[in-house]
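Take a look at the chain below. Start with the overall fold, then turn to single residues.

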Amino acid sequence: YESLPASVEAQGIVTYDTRYVYNIPARIGGRLEKVYLKYAFQTVRKGQKVADIYSPELLTAQRELLYLIENDKTNEELIKSAKSKLFLLGASEKQVDDIIARKEPMLNFSILSGYDGYVVSENEQAPIMATPSVSAASSSGGMGDTGMGSTPQTVATSTPQPDANLNREGGYVTTGQTLFRVVNTSALRVELSLAVAQAGVVK
């Protein structure tokens, strides 16, 4: 017995791995004063500023912390609780330290990305291969048939649009709402359309 290479030509697509799709949520409701991600498939880096938000709830939480520090600075437990509230609302430790140093609340808070990748619209689906038709699969030959004339056509379910429906400046968001979806392309998939007769040749 001897192992011999067998060449099979097939059409296919390169698509991203859906396990590496992440959401950047709004941890607080408010108005988007500034949005830094303008178009679909824009590059995003971890820690990058994606938007500035104005939130009355965040403003109130900041005033509570500053009031405690100014009028009851010995009450460490209450001050710690006020800081924790800001952290839960999406403020970073550096932002809280800046508020205390400035002694006045910040009107707008920056929302940062926790992931590397590319931004896609919320309804953007990963391209997938169309299911081969029965007639096309049955007409294919065996190992010696390259399948050039019988391989089903490749069809993507969606075409990337540069004007995807992303969140814009001046829009209002609610707590927990997804601001942006980020696709990390460190892992990609190649999906090939193979006839049943060819599938047994490929490992």
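## Confidence

The model is predicted. Across the protein, the mean pLDDT is 78. A score of at least 70 is reached by 79% of the residues.

Strand E5 (residues 49–54) has the highest mean, at 89. Helix H4 (residues 134–138) has the lowest, at a mean of 43. Residues 134–164 have a pLDDT below 50. Even so, this stretch has 51 contacts in the model, counted beyond near neighbours in sequence.

## The sheet

Strands of a sheet pair through backbone hydrogen bonds, and the pairing can be parallel or antiparallel. Here, an open sheet is built from four strands. Their order is E2-E9-E7-E4, and they pair in antiparallel fashion.

Which strands form the edges? They are strand E2 (21–25) and E4, each of which pairs on one side only. Look at one pairing in detail. E2 runs antiparallel to strand E9 (residues 178–183), and five bridges join the two. In E9, Val183 is the residue that stands opposite Val21.

Most residues other than glycine have a negative phi.

Take Phe41. Phe41 sits in the loop between strand E3 (30–35) and strand E4 (43–44). E4 is also an edge strand of the sheet. Phe41 has a relative accessible area of 33%, so it counts as partly exposed. That class lies between the cut-offs of 20% and 50%.

Now take Lys103. Is Lys103 buried or exposed? Lys103 is exposed, because its relative accessibility is 70%, and the exposed class begins over 50%.

## Lys73 between two helices

Where is Lys73 found? Lys73 belongs to the loop between helix H1 (56–71) and helix H2 (76–88). Its relative accessibility is 65%, so Lys73 counts as exposed.

Lys73 still has partners in the model. Leaving out residues up to four places away in sequence, Lys73 touches Leu68 and Ile79. Leu68 falls within the range of helix H1 (56–71), and Ile79 within that of helix H2 (76–88).

Key:
Residues are numbered from 1 along each chain as its sequence is written. This is a predicted model: local features need pLDDT of at least 70, side-chain atom pairs count only at pLDDT 80 or more; totals for chains, interfaces and linings use all residues. Side-chain values use heavy atoms; hydrogens and water are left out. Buried means under 20% relative accessible area, exposed over 50%, partly exposed in between (1.4 Å probe, protein chains only). Contact means heavy atoms within 4.5 Å. pLDDT is the predictor's confidence in each residue, from 0 to 100. Two strands pair if DSSP finds at least two bridges between them.
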